[in-house]
Amino acid sequence: MATMSMVGVSVSGFHNHHFASSNSNILTISSWKPVVAVLANKNKMRVPFELKQGQSRIFHELPSGLSMEVIVQKKKKNVEVEEEKKSPLVFVHGSYHAAWCWAEHWFPFFSASGFDCYALSLLAQGESDAPDDSVAGTLKTHARDIADFIHHKVQSPPILIGHSFGGLIIQYYISALGSDNHDEENRYPKLRGAILVCSVPPSGNSGLVWRYLFTKPIAAFKVTRSLAAKAFQTSLPLCRETFFSATMEDHIVKRYQELMKESSRLPLFDLRKLNASLPVPSVPNCPVDVLVLGAKDDFIVDAEGLNETAKFYGVTPVCVEAVAHDMMLDVSWEKGAEVILSWVNGLDK
């Protein structure tokens, strides 16, 4: 019998359905006889993200048997939008984040604009299962997990949106789509477009680090202390400086800091192995339209990193003023959302 992984529940014998109960520590399933009662485990995140109205949490089982958390918000039924069907949006987070980071502001915005939205938590992040390893995966394994979800759960070619290291994973996905290896290419469903938000560039983050060391040594020290040493988890000022605008109120920074502390049980990658595998393979004839979006006040990805990514895809980058690295959570989160909405609406025109 197959074993399904659920929100704190494991039940043998059920296929392709996940059931979550938030009202009781006991889940009772009566579709088979005898009745099966299973004790529920606690959520993986000790600081849970409370879903907003119209949002739901599902779990997608991967070929490995591990399950990925997916937060979903479908387009609003009463919204006045054009009759043509809009491409679904699939969001991929970066380090120390999970699906929740998209659900806070951008999900309500885009669902109100007529888009079905899906945000994935990569393995060992958020409420997703973790592999038996020291890291969550590689560019290839993460990209294949995304591809598997799209293949089974998304009905039409989506627009993939990735932030920070999530953007680098999407770059690998795009390279696989344009690969001469047709067996590899066929593993990845087609995309309608791709949006790279404050993305790590194709060469990785090592170039960013070295530039900071030589041109901004104090900033380099802060970034290293904040991210590599995880000091953002205990220092509110450093968390704000790393991810958000200076005007964000303390209680909001504190809330996001607590969520980020709980979002990652394993590193997304082994950075040494990752950097050895980069840059991502070039794509002479890019199979998808790409938007490269940066933030003027980004403390992590500098202007040169943004330009590197844009040059790689032969596009002009768009840099949003007065917004920091976590564009989707920042004080002026709507600025980036509106740029994306305009670009997406222009794809078919």
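Analyst: Helices (H or I, at least four residues) and strands (E, at least two) are DSSP runs, numbered from the N terminus. The model is a predicted one, in which local features need pLDDT of at least 70 and side-chain atom pairs count only at pLDDT 80 or more, while totals for chains, interfaces and linings use all residues. Residues are numbered from 1 along each chain as its sequence is written, and side-chain values use heavy atoms, with hydrogens and water left out.

User: In which helix is the place of leucine 213?

Analyst: Helices are numbered from the N terminus. Leucine 213 falls within residues 206-215, and this helix is α6.

User: Is leucine 213 buried, partly exposed or exposed?

Analyst: Buried means under 20% relative accessible area, exposed means over 50%, and partly exposed lies in between (1.4 Å probe, protein chains only). The relative accessible area of leucine 213 is 42%, so this residue is partly exposed.

User: What is the accessible area of the nonpolar patch that Val209, Trp210, Leu213 and Phe214 form on the surface?

Analyst: Patches are made of residues with over 30% relative accessible area and no salt bridge; like charges are joined within 9 Å, and nonpolar side chains (Val, Leu, Ile, Met, Phe, Trp, Tyr) within 5 Å. Accessible areas come from the Shrake-Rupley method with a 1.4 Å probe, and for residues only the protein chains shown count as cover. Together, Val209, Trp210, Leu213 and Phe214 have about 460 Å².

User: How much space lies in the largest pocket?

Analyst: On a 1 Å grid over the protein atoms alone, a pocket is an open set of points where a 1.4 Å probe fits, with protein on both sides within 12 Å along at least five of seven lines; lining residues have an atom within 4 Å of a point. Grid points are joined across faces, edges and corners, and a volume is the space filled by probe spheres set on the points. For the largest pocket this space is about 820 Å³.

User: Which element gives the most to the lining of the largest pocket?

Analyst: The lining has 32 residues, and Phe165, Asn205, Leu227, Ala228 and Leu271 lie nearest the centre of the pocket. Two or more residues come from each of α6, α7 (217-228) and α10 (271-277). With five residues, the element that gives the most is α7.

User: How many salt bridges are counted?

Analyst: A salt bridge is a side-chain nitrogen of Lys or Arg within 4 Å of a carboxyl oxygen of Asp or Glu. By this rule, the count is nine.

User: Which residues are linked with Lys52 in a network of salt bridges?

Analyst: Glutamate 104 and lysine 52 meet through their side chains at 3.8 Å, N to O. Glutamate 104 lies in the loop between α1 (100-103) and α2 (106-112), and lysine 52, 52 residues apart from it, in the loop between β4 (36-39) and β5 (55-61). Glutamate 104 is buried at 9%, whereas lysine 52 is partly exposed at 32%. The residues linked with Lys52 in the network are Glu104 and Arg255.

User: How far apart in sequence are the parts tied together by arginine 57 and glutamate 69?

Analyst: The closest N and O atoms of this salt bridge are 2.6 Å apart. Arginine 57 is partly exposed at 28%, and glutamate 69 is buried at 3%. Arginine 57 belongs to strand β5 and glutamate 69 to strand β6 (residues 67-73), so the parts tied together are apart in sequence by 12 residues.
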